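Open the model in your viewer and keep the selection panel at hand. The stops below are to be taken in order.

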Amino acid sequence: MSEQTVTPGATGTPAMPEAPPSVNVFAPPVLPPGAPDAPDASPKPPRRVLRAVARWTAAALAFGVLGTGTAFGIASLERTDVPGLATEDDGRWDYPELSLPALPAGSPRPFEAGNPAEIHHADLRDLLLPAPAGAVPDKKLPGGWISTRTFLDAYRQQDRQSVAQLLKDAPARHIAARGWTMPDGTVSRIYLVRFTSTAFASGMLDDLNVGSSAGTPLDRTDTVEIDGSWSSQNDFENTSSFVFAEQAPFGAEHVRQAYTLAGDTLALVVHERSGKRETDRIPFQQTLILQNQLLA
């Protein structure tokens with residue numbers, strides 16, 4: 001079976017509705033390179049069994065012959081019938097095609113039955129979302145390993161020591177990050193923190209007090225609340241996202257942020273833009289969904 005990829009850019013996927021989406025409209029799940037026709041091990045039972053079966057059945061019927069990258073769930077609708085799809089440009093960024101990295105020989109995927117600790121055996125750096133077209137790379141976050149101190153820069157000065165202690169107590173195995181700046185001034189940063197098991201990753205999320213609130217404040221943030229435009233149905237199976245946005249009045253920049261728990265790995269995605277205009281919602285959610293896709 002040949003490697004399957006998905007094009008997450010403006011031409012390879014349908015646009016996102018302006019209303020809170022009920023399905024993932026950015027990209028179908030990426031399959032690993034060289035994956036067999038049937039998985040070697042059965043995945044864990046899905047959390048939303050009936051809905052998942054219905055969605056995948058529809059996808060198989062709609063795309064079994066065509067093989068397109070169009071999001072399942074809207075295959076039978078005309079483009080102009082779907083809110084947000086009538087325009088050519090909805091503000092999303094042009095990301096390159098995505099594919100899962102190869103695994104070390106004999107290593108299972110993180111959510112297979114033979115991997116109870118839900119470990120990502122692929123190189124963590126290869127699981128970072130690549131920068132979109134037009135991005136200027138962040139020299140401090142080039143897509144490789146970063147130090148704990150560099151990761152702590154994401155938080156307010158007064159909270160960095162406590163977060164550092166949490167990372168020692170867990171402890172974190174590796175931290176990788178990538179950042180870039182777009183032509184409109186939006187700064188994007190993605191951090192992946194890998195622990196020894198999902199229990200430690202989940203514990204870190206709890207210790208940061210992330211849930212109904214954004215928890216430990218990030219640097220340059222003011223009043224941050226749950227982003228009501230995010231739908232839990234955008235989460236891939238085996239991932240859980242906690243999405244927040246600064247509320248007006250905000251300071252010198254507007255910040256959107258999200259944590260995603262995916263097995264042994266905790267992801268932090270941040271978009272910020274200086275000035276009084278809010279950071280665009282659609283490219284932020286696009287970035288989050290595609291990063292979660294690689295982790296799932």
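The tour goes through salt bridges and then turns to a loop residue.

**Before selecting**

This is a predicted model, in which local features need pLDDT of at least 70 and side-chain atom pairs count only at pLDDT 80 or more, while totals for chains, interfaces and linings use all residues. Residues are numbered from 1 along each chain as its sequence is written, and side-chain values use heavy atoms, with hydrogens and water left out.

Side chains of opposite charge can pair when their charged atoms come close. Here a salt bridge is a side-chain nitrogen of Lys or Arg within 4 Å of a carboxyl oxygen of Asp or Glu. Under that rule there are twelve salt bridges.

**Stop 1: R189 and E272**

Select R189 and E272, and show their side chains. They form a salt bridge whose closest N and O atoms are 2.9 Å apart. R189 belongs to strand β3 (residues 187-195) and E272 to strand β7 (residues 265-274), so the pair ties together parts 83 residues apart in sequence. Strands (E, at least two residues) and helices (H or I, at least four) are DSSP runs, numbered from the N terminus. R189 and E272 are both buried; buried means under 20% relative accessible area, exposed over 50%, and partly exposed in between (1.4 Å probe, protein chains only).

**Stop 2: D264 and R194**

Next, select D264 and R194, whose side chains meet in a salt bridge at 3.7 Å, N to O. D264 sits in the loop between β6 (253-262) and β7, and R194 in strand β3, so this pair ties together parts 70 residues apart in sequence. D264 has 0% relative accessibility and counts as buried. R194 is buried too, with a relative accessible area of 5%.

**Stop 3: D227 and R256**

Now select D227 and R256, where a salt bridge joins the side chains at 3.3 Å, N to O. D227 is in the loop between β4 (224-226) and β5 (240-246) and R256 is in strand β6; the two are 29 residues apart, and the pair links distant parts of the chain. D227 is buried at a relative accessible area of 9%, and R256 counts as buried at 6% relative accessibility.

**Stop 4: the network**

Select D153, R160, R189, D219, R220 and E272 together: salt bridges that share partners join them into one network.

**Stop 5: P116**

Finally, go to P116, in the loop between α1 (49-63) and β1 (136-145). Is P116 buried or exposed? With a relative accessible area of 67%, P116 is exposed.
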